[in-house]
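Here is a short report on charged side-chain pairs. Look at the sequence and the model, then read on.

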Amino acid sequence: MFDKLENVLMPLAVKLGQNKILIAVRDGFLITTPLVIVGSIFLLFANFPIPGWSEFWAGMFGTGWESWVTRVSGSVFNTVGFFSCLGTAYAYGREKKTDPIQAAAVAVIAFLILTPNKLIVEGVADPVSGLSFDHLGTNGIFVGLLVALISVEIYAYTTKRGWTIKMPDGVPPAVTKSFAALIPSALVMLLFFVINILFGMTPFGTVHDFIFNVLQMPLKGAGNTLTAQIVYSLACTIFWFFGINGPAVANSVFAPILRILTMENLDAFQAGKDLPNIFTDPFSNFFTNFGGGGSTLSLVIIMVLFCKSKRIKELGKLSLVPGIFGINEPIIFGLPVVLNPIIIIPFIAVPMVNLLLSTLVTNLGIIPYTTGVSLPWTTPIGFSGYLSTGSLVASVWQLILLAIGCLIYYPFIMALDKQYLKDEREAEQAKSEELELSFDDISIDHLL
C-alpha cells in the first residue's frame, strides 16, 4: 500500500512542486511560520486549561492580565493574511525574475486598496477610519494570495515588456530601480482601484465580502444533522487547504446552531433530564479534532516518533506542545498543509472518521452526550473527554481515536518524509562537494 501510494502521489507532488505559483504560495507562507510558532506559545499561556490558572496570575498582575499576553498572539494571527500577501508576492516576484521587493510592496498596496477602511463603532455617528483585523488576519489570506499573484503577474509582465522609465547611465542603481517600478506599480494600483470601485457597485460591497459570501453559500441551510456536521467538517478542512481559516468561514453559519444545541443540553443537564443533542460545541471540539483542524495531533505524533527528515522532525517537536492544547497553525503553515496534495487526504479523512465513529458510539450509548458545560478549546485530550461528558470512557475513546488517526496519517507523512529526506541529503551532498579540495591540478610549479 505504501509503495502504491508513493508511486501515485509523489510524481504529482514533484510536478506541483515545480509550479512557480505553488512555490510562491509555499514560500510566502514560510514568512509567517516563526511568527505563528511564537504567537502560539503566548496564546497557550493565556488559555492554559488549569482551574485557577487565570486567578493565580491575576493575583500577581491584576485582572485582565490575559490581554497583555494575547496582544502578542493577536498581533500574529490578526495579520497573517497581510503577511501572507507580502511573502507570496515577494516569492512570486523572485520566481518571475523581477524586483521582488518592489513587487511585494505594490501587492500590499493593492491588498489594502481592496480592504475596507471604514469601521462602524457603536455610539459613534460617523464611520471611523481604520482597518479591521477580520480582513487582515486568516480571513484575508485567500484575498491576499489572489492579489499577490495577480499584481506580481502584471508587474512582471509590464517590466519585461520594457514599459518602464529608463534613467541615464551614472544614476545610482537604487534610483534607477525606483523609477523603473513607477509605471508597472501605477498599472497594478490602477487595476485594483477599478476593481474596488466595481465591487462597490455590487450588493457584496467589497471583494472580501464577495469571496466569503460565495464560499459560504453551500453552507446555508445546514442544521442539526449528521449531514450538516459532515458539511461542516469538510468545509473546515478543505478551506484550510487553500489557506483560508475554515472554522472562521463555517462558524458564521454553524456557530449559532451549535450554541443553541449546547445550551439545550446544559439546561437539561442542570434540570436532571435526558440530554437531547449529540452535536454540540464540545462534541465538535473534543471528539472530531485533536490538536486543531484536521486532527493534526495524530500527525504530530507520527512526525516526532517515525519521521527521519530533520525538517519534519524538528517541526513536529516544536508543534507537539501547542498541538496538545489544540493549536496547530505551525503545522498548517509550516509543514505545510496548505496546498499540499499529499497531507490534505488524511487531513480531511481523519476528522471525518472521528465524526462518524463518535456519532456511532454515542448513539450506541458507549459514551454519553456532552453535558453542555463550557470548556476552553485548549483543554487537552483525555481531560476534555471527561470534563465534557463526566465519563472516563469518553477519555479512553479519545485516545482510541487518536491512535486511529495516527494509523491514517502514517503512510502519507512517511511518503512526504522520504521526499524531504532525499532533498536534505542532496543539499548536504552539494554542500560537501563545494567544500572538497582538489589537488589534481596542483603541481610544484604552482608553489614556486
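Helices here are DSSP runs of H or I, at least four residues, numbered from the N terminus. The two side chains form a salt bridge at 3.7 Å, N to O. A salt bridge means a side-chain nitrogen of Lys or Arg within 4 Å of a carboxyl oxygen of Asp or Glu.

K317 is partly exposed, at 46% relative accessible area. E314 is partly exposed too, at 36%. The cut-offs are under 20% for buried, over 50% for exposed, and partly exposed in between (1.4 Å probe, protein chains only).

## Basis of the model

This is a predicted model: local features need pLDDT of at least 70, side-chain atom pairs count only at pLDDT 80 or more, and totals for chains, interfaces and linings use all residues. Residues are numbered from 1 along each chain as its sequence is written, and side-chain values use heavy atoms, leaving out hydrogens and water.

## Pairs across the chain

The salt-bridge count is four. One of them joins R94 and D27 at 2.6 Å, N to O. R94 belongs to helix α6 (residues 80-95) and D27 to helix α2 (residues 20-30), so this pair links distant parts of the chain, 67 residues apart. R94 is partly exposed at 35%, whereas D27 is buried at 19%.

E153 and K96 also meet in a salt bridge, at 3.2 Å, N to O. E153 lies in helix α9 (residues 141-160), so the pair ties together parts 57 residues apart in sequence. E153 is partly exposed at 35%; K96 is buried at 16%.

Methods. Helix = DSSP H or I, 4+ residues; strand = E, 2+ residues; numbered from the N terminus.
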